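Today I'm looking up salt bridges in this structure. Here are my notes, in the order I made them.

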2 protein chains.
Amino acid sequence: MEHSFLSYLRGRCRSLPQVAVGIGDDAAVIDAAVTDAAGSPAERQLVACTDQIIDGVDFVSAEHSLADVGYKSVAINLSDIAAMGATPTSALVTLALPDKNATRIAGEVYEGIFEIAREFQIAIAGGDLSTYNGPLSVSVTLLGDVPAGAAWLRSGAQEGDAILVSGFVGGSLRGRHLRPQPRIDLATKLRELVDVHAAIDISDGLSLDLDRLCASSHVGAELSVETIPIHDDAIVMAQDSGRTPWEHAWSDGEDFELIFTLSQADADRILEADLGVELTQIGSVVGRTGLWKRKAGKFTRLSPQGYSH
Amino acid sequence: MEHSFLSYLRGRCRSLPQVAVGIGDDAAVIDAAVTDAAGSPAERQLVACTDQIIDGVDFVSAEHSLADVGYKSVAINLSDIAAMGATPTSALVTLALPDKNATRIAGEVYEGIFEIAREFQIAIAGGDLSTYNGPLSVSVTLLGDVPAGAAWLRSGAQEGDAILVSGFVGGSLRGRHLRPQPRIDLATKLRELVDVHAAIDISDGLSLDLDRLCASSHVGAELSVETIPIHDDAIVMAQDSGRTPWEHAWSDGEDFELIFTLSQADADRILEADLGVELTQIGSVVGRTGLWKRKAGKFTRLSPQGYSH
């Protein structure tokens, strides 16, 4: 890589208070929040996740802008941080760049990364750049923190919990998947208002990810399938996909909405509130494992579907 | 990736006390140490770094074992953690695997990763796996912590400091570069015994990395060039490289030894002690920027050399 690009990058990575030492040393030094929302000292735990996206596998660079690729590489990780109920602080960004036009490509990818970093007030605290004979690959590690012991795990769902989903799902491949809106703000508000028992983000499909949450919690879900909030994109896609809008909503991936469970009383409270994003109860947690549809008092087992890696 | 490999991986990633939630949720949850060595509560900062190595660029898979590649991918990051004077806690490992033989390759790479993780008591807290039409790439993010405000930066060198280097340098390409020994133990002992002002690890060459440390600190170095601890490998390589052993020691990269500065009084104390690895004073920090050789009272400017990305 050209040294001048690294200097440029360093200049563009803004200083944020949570990063004591950023790009330019052997490693970044990051402060975890040491006070809670009320300003009191609070014990925090570090939350960390990583996801890579590769040209030809997870996106096709010939078909959309590299800024979108950069944006998405961070957004999908922020979505994981939101699903833990955590607050993001900083990201480490690693690019493997095709030898040809490496600097131009890096610059365009970083435009999208800087945009989402600004939007969510996270710092680019470090990273790595290589050029090689291969396709563009963007690998992001996202760091954040949660109150100690209070991360939202997949394994915390309890019998009787309400199951809620944010936003509208299905058909994200029409374009939304390039600019997903990670539910960080929603997660912050939920943490203030209610006690979320379990959460997961929808990366591989509503039903597949809900099934994963249920399996981790050793429970099942009884769904009112007609309540699933179908996105307009699913309706449009159904016009020539040979599948119904509901099937798209059930199994399409890359929605990056949150599925979460909480007590029915807590659910009733937030379903009446305005948290800035639509919330829908799609069912309840039951003891019997698996996904179930109740219709006229009869239960039918549903098959989870989605993108399996 | 085969689901069975992911299950295998999850089973192999041992539980360590610092990881509250490991592989299998949306993100890992990691405890920073909340007590110091004496058992008192201590405020810690998070330290994070990331480095990727790619087949054909940073190693040649046809020439050495994939376990070595895995070992090295973690070792080079641990070396950065050591250079911050930090304690490593956990790693996130991302593999981009050639479509052909992906599972076998991943298994072999992970053998080396598990080995070094055991050796340094770090947890594999998460990661990502993809297969694609490209060369093997291993990207590791290493997390650790330091006492708040006490990370060893490149920028902390002070006029009059002694400049020390660990181990012996030069000729690492004869094979040592595949199994570098990150100086984590040394860093821990130094932190207990003395006040290190600045540190960097040798990844691109003794002189080049020392020059970076000096530039960050706005100082220079006056070197007794004959004291540079030359590795036997440098002597062997010099037999048919057309360069002297000293030139190899001066400019070869991938030694992964530490260069650090501290007061002359502190230096004198540890130069007499046994910290488990050879320590050599190679010079002193001076106000005048640049690297300088003193001989018979005269100063000659030295040119930093090494591997420039």
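Predicted model: local features only at pLDDT ≥ 70, side-chain atom pairs only at ≥ 80, totals over all residues.

My rule first: a salt bridge is a side-chain nitrogen of Lys or Arg within 4 Å of a carboxyl oxygen of Asp or Glu. Residues are numbered from 1 along each chain as its sequence is written, chains are lettered from A and ligands numbered from 1 in the order in which they are written, and side-chain values use heavy atoms, leaving out hydrogens and water.

**Entry 1.** I got 26 salt bridges over all chains.

**Entry 2.** I found Arg174(A), Arg176(A), Asp233(A) and Asp255(A) linked in a network of salt bridges. Within it, Asp233(A) pairs with Arg176(A), with the closest N and O atoms 2.9 Å apart. Asp233(A) sits in helix H6 and Arg176(A) in the loop between strand E7 and helix H4 of chain A, so the pair ties together parts 57 residues apart in sequence. (Helices are DSSP runs of H or I, at least four residues, and strands are E runs of at least two, numbered from the N terminus.)

**Entry 3.** Are these two buried or exposed? Asp233(A) is buried at 11% relative accessibility, and Arg176(A) is partly exposed at 24%. (Buried means under 20% relative accessible area, exposed over 50%, partly exposed in between, with a 1.4 Å probe and protein chains only.)

**Entry 4.** Asp68(B) is buried at 15%.
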